Protein chains: 2
Amino acid sequence: METTIRDTVLNAATRLYADKGFPGVSSREIAAAAGVGSDEISRLFGNEETLYRAVLEAQFGFYAATMSTVFDGDEVPAIKVELFARAMCDVHKQAPCFFPLLYRELLTPSPFFEEIVRKNIRHVAYLADNNFVKGIRKGTFKRGVNPAHATMYLAGMFHYYFLASRLAPGLLPETGSDEEYFSQAIAVYLSGVRKGA
Amino acid sequence: METTIRDTVLNAATRLYADKGFPGVSSREIAAAAGVGSDEISRLFGNEETLYRAVLEAQFGFYAATMSTVFDGDEVPAIKVELFARAMCDVHKQAPCFFPLLYRELLTPSPFFEEIVRKNIRHVAYLADNNFVKGIRKGTFKRGVNPAHATMYLAGMFHYYFLASRLAPGLLPETGSDEEYFSQAIAVYLSGVRKGA
């Protein structure tokens, strides 16, 4: 029961912080959305900072765990690039508040930016960079492409899609399904848009 | 003189809105940053909504104008892709508040989202999509890649870089100069990361 109330509060807080950002949300609002008293929130989480911290920890922990599993297997680097992209989409679907929370932290870093946001993003980037290095060594990927940049290109192709098409539907013309976007993005990333390149 | 005060207020407002978002900034704060009285702001711009609207109009107008010129010339589509990417970087350098304002609007759309943000972004996307279509017809770009998606891939590679490395320095490992990132991103986009693809 204790766990259930805690989760209900955490879920309500996650959604509100994703929608409005940490400075824009009061604990009274979270209590109302979770259907509990404000005193319940202080009892369970202490103050608003501790609650926000718990939200970030859960979200970025989930992100790091989901993305890390990609690099556990023994697939070849190109397949891992594909799994990496698909794992990003899984995070987007299973934790729809994660990306808005990340973008808000990038725009207005909280006191937890270093220890939670930066740490987890760098950890995943490190694994992806290493995979790219391995791919260069095996002759799959071009030498001359900075592995850290290569990770950002791929991440960027998906990030902007999440930001533009999910958060603001209708920003861009309707252009087929998510699945089509994801598959083509991976294919373009891996093989390029220029014929015979 | 009138123009100078107007510009000073507009510049101060642009920076503050980019840093904190529209709901987080008071006209008193803008007046203080601009070194004018609050009454001066109401005299010049009316209320806070009108001021914010003027900021968005100036920023998104600059974006649309800068990006549109790319498609005026008679270069081949692949060169225009490169000019498009470089124009994005120019906007980022010359109007460093533009991208933060765009991201904030995507996260929390204001009443001006449709008429200013969406309109200008779609206009530029439309030009870029058409260029890609032309490139497919000429046999430069792959058939089977959705032109609207192709524009998003390229935009995304730059957007995330601006977001991650500029707004939160140190988020990603130091990886060489901006110029290196941009050139490689364009090359990867145009030719792909897989050897012989």
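Modeller: Axes are lines fitted to C-alpha atoms, for helices over the stretch in contact, and angles run from 0 to 180 degrees between N-to-C directions. This is a predicted model, in which local features need pLDDT of at least 70 and side-chain atom pairs count only at pLDDT 80 or more, while totals for chains, interfaces and linings use all residues. Residues are numbered from 1 along each chain as its sequence is written, chains are lettered from A and ligands numbered from 1 in the order in which they are written, and side-chain values use heavy atoms, with hydrogens and water left out.

Colleague: How many helices and strands does chain A have?
Modeller: Helices (H or I, at least four residues) and strands (E, at least two) are DSSP runs, numbered from the N terminus. Read from the N terminus on, the elements of chain A run α-α-α-α-α-α-α-α-α. The secondary structure of chain A therefore comes to 9 helices and 0 strands.

Colleague: What percentage of the residues in chain A is buried?
Modeller: Buried means under 20% relative accessible area, exposed over 50%, and partly exposed in between (1.4 Å probe, protein chains only). One example is Ala87(A), which lies in helix H5 (residues 77-94) of chain A and counts as buried because its relative accessibility is 6%. For the 197 residues of chain A, the buried part is 54%.

Colleague: Which residues does Ala87(A) touch, not counting residues up to four places away in sequence?
Modeller: Touching, or contact, means heavy atoms within 4.5 Å. Ala87(A) and Met67(A) are 20 residues apart along the chain, and their C-alpha atoms are separated by 6.0 Å. With residues up to four places away in sequence left out, Ala87(A) touches Thr66(A), Met67(A) and Val70(A).

Colleague: Are H4(B) and H7(B) roughly parallel or roughly antiparallel to each other?
Modeller: The axes of H4(B) and H7(B) come within 9 Å and cross at roughly 5°. Angles under 35 degrees count as roughly parallel, over 145 as roughly antiparallel, 65 to 115 as roughly perpendicular and the rest as oblique. H4(B) and H7(B) are therefore, relative to each other, roughly parallel.

Colleague: How many nonpolar, polar and charged residues does the contact of H4(B) with H7(B) have?
Modeller: The residues that make the contact include Leu56(B), Phe60(B) and Met67(B) of H4(B), together with Ile116(B), Val124(B) and Leu127(B) of H7(B). For the classes, Ala, Val, Leu, Ile, Met, Phe, Trp, Tyr, Cys and Pro count as nonpolar, Asp, Glu, Lys and Arg as charged, and the others, Gly among them, as polar. By class, the contact has 10 nonpolar, 3 polar and 3 charged residues.

Colleague: Why is the pair of Tyr52(B) and Phe112(B) called tilted?
Modeller: Rings of Phe, Tyr and Trp (its six-membered ring) pair if their centres lie within 6.5 Å, and planes under 30 degrees apart count as stacked, over 60 as edge-to-face and the rest as tilted. By this rule the count over all chains comes to 38 aromatic pairs. The rings of Tyr52(B) and Phe112(B) have centres 6.3 Å apart and planes at 45°, so the pair is tilted.

Colleague: How many residues apart are Tyr52(B) and Phe112(B)?
Modeller: Tyr52(B) is in helix H4 (residues 48-69) of chain B, whereas Phe112(B) is in the loop between helix H6 (98-107) and helix H7 (113-137). Both Tyr52(B) and Phe112(B) are buried. The pair links distant parts of the chain, with a separation of 60 residues.

Colleague: What kind of ring pair do Phe98(B) and Phe99(B) form?
Modeller: Phe98(B) is buried, with a relative accessible area of 0%, and Phe99(B) also counts as buried, at 2% relative accessibility. Their ring centres are 5.0 Å apart and their planes stand at 75°, so the pair is edge-to-face.

Colleague: Which residues of chain A does Gln184(B) touch?
Modeller: Gln184(B) lies in helix H9 of chain B and counts as buried because its relative accessibility is 14%. Not counting residues up to four places away in sequence, Gln184(B) touches Gly144(A), Val145(A), Asn146(A), His149(A) and Tyr153(A).

Colleague: Is Arg118(B) buried or partly exposed?
Modeller: Arg118(B) is found in helix H7 of chain B, and its C-alpha atom is separated by 9.6 Å from that of Phe60(B), 58 residues apart along the chain. Because its relative accessibility is 21%, Arg118(B) counts as partly exposed.
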